[in-house]
Amino acid sequence: MRLIIFDFDIDSSSGCPGSDSLDIRFGMKNFVTAAGIHEQHCGKRKPFILDIRHEAIYIKFATDGSGSGRDFMAGVVTYKGNEVILYW
């Protein structure tokens, strides 16, 4: 599975803690138990791809309600045999 971030412009005034952020966690059964394997993103970034080698992915967007960023646009690519499936 691949998570593709097509556009990423999340307001961040002082780094991720306490500001807008996108928290991505992998594996396990829910967002809390997946806490051991995660990535946190904020600010403005070029498009990027995360290869996921787990059965589940949990995405949490947090905002403080202020700012002017465009936020983000993401899609997930999965593979079933030779078939490629894209979700946005």
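Q: What share of the 88 residues in the protein chain is made up of buried residues?
A: In this predicted model, buried residues make up 33% of the 88 residues. A residue is counted in this share if its relative accessible area is under 20%.

Q: Why is Asp-9 called buried?
A: The relative accessible area of Asp-9 is 12%. The cut-off for buried is under 20%, and Asp-9 is therefore classed as buried. Asp-9 is located in strand 1, which spans residues 2-10.

Q: Which residues does Asp-9 touch, leaving aside those up to four places away in sequence?
A: Asp-9 touches Gly-43, Lys-44, Gly-69, Arg-70 and Asp-71. A contact requires heavy atoms within 4.5 Å.

Q: Why does Asp-71 count as partly exposed?
A: Asp-71 has a relative accessibility of 32%. Buried requires a value under 20% and exposed a value over 50%, with partly exposed in between; Asp-71 therefore counts as partly exposed.

Q: How many helices and how many strands does the protein chain have?
A: The protein chain has 0 helices and 8 strands. Read from the N terminus, its elements follow the order β-β-β-β-β-β-β-β.

Q: How do you know that strand 2 and strand 6 pair?
A: Strand 2, residues 21-26, is joined to strand 6 by 6 bridges.

Q: What is the order of the strands in the open sheet of 3 strands?
A: The order is 3-2-6, and the pairing is antiparallel.

Q: Why do strand 3 and strand 6 stand at the edges?
A: Strand 3 (38-41) and strand 6 (57-62) each have a single partner strand, so one side of each is left without a neighbour in the sheet. From one strand to the next, the twist averages 15°.

Q: What percentage of contacts between residues at least 6 apart in sequence join residues at least 24 apart?
A: In the protein chain, 66% of these contacts join residues at least 24 apart.

Q: What is the accessible surface of the protein chain, and what part belongs to carbon and sulfur atoms?
A: The accessible surface comes to about 5800 Å², and 53% of it belongs to carbon and sulfur atoms.

Note on methods: Residues numbered from 1 in each chain as written. Predicted model: local features only at pLDDT ≥ 70, side-chain atom pairs only at ≥ 80, totals over all residues. Heavy atoms only, no water. Pairing = 2+ DSSP bridges. Helix = DSSP H or I, 4+ residues; strand = E, 2+ residues; numbered from the N terminus. Axes fitted to C-alpha atoms, helices over the stretch in contact; angles between N-to-C directions. Buried < 20%, exposed > 50% of the residue type's maximum accessible area, 1.4 Å probe, protein only. Areas by Shrake-Rupley, 256 points an atom, 1.4 Å probe, with all protein chains shown as cover.
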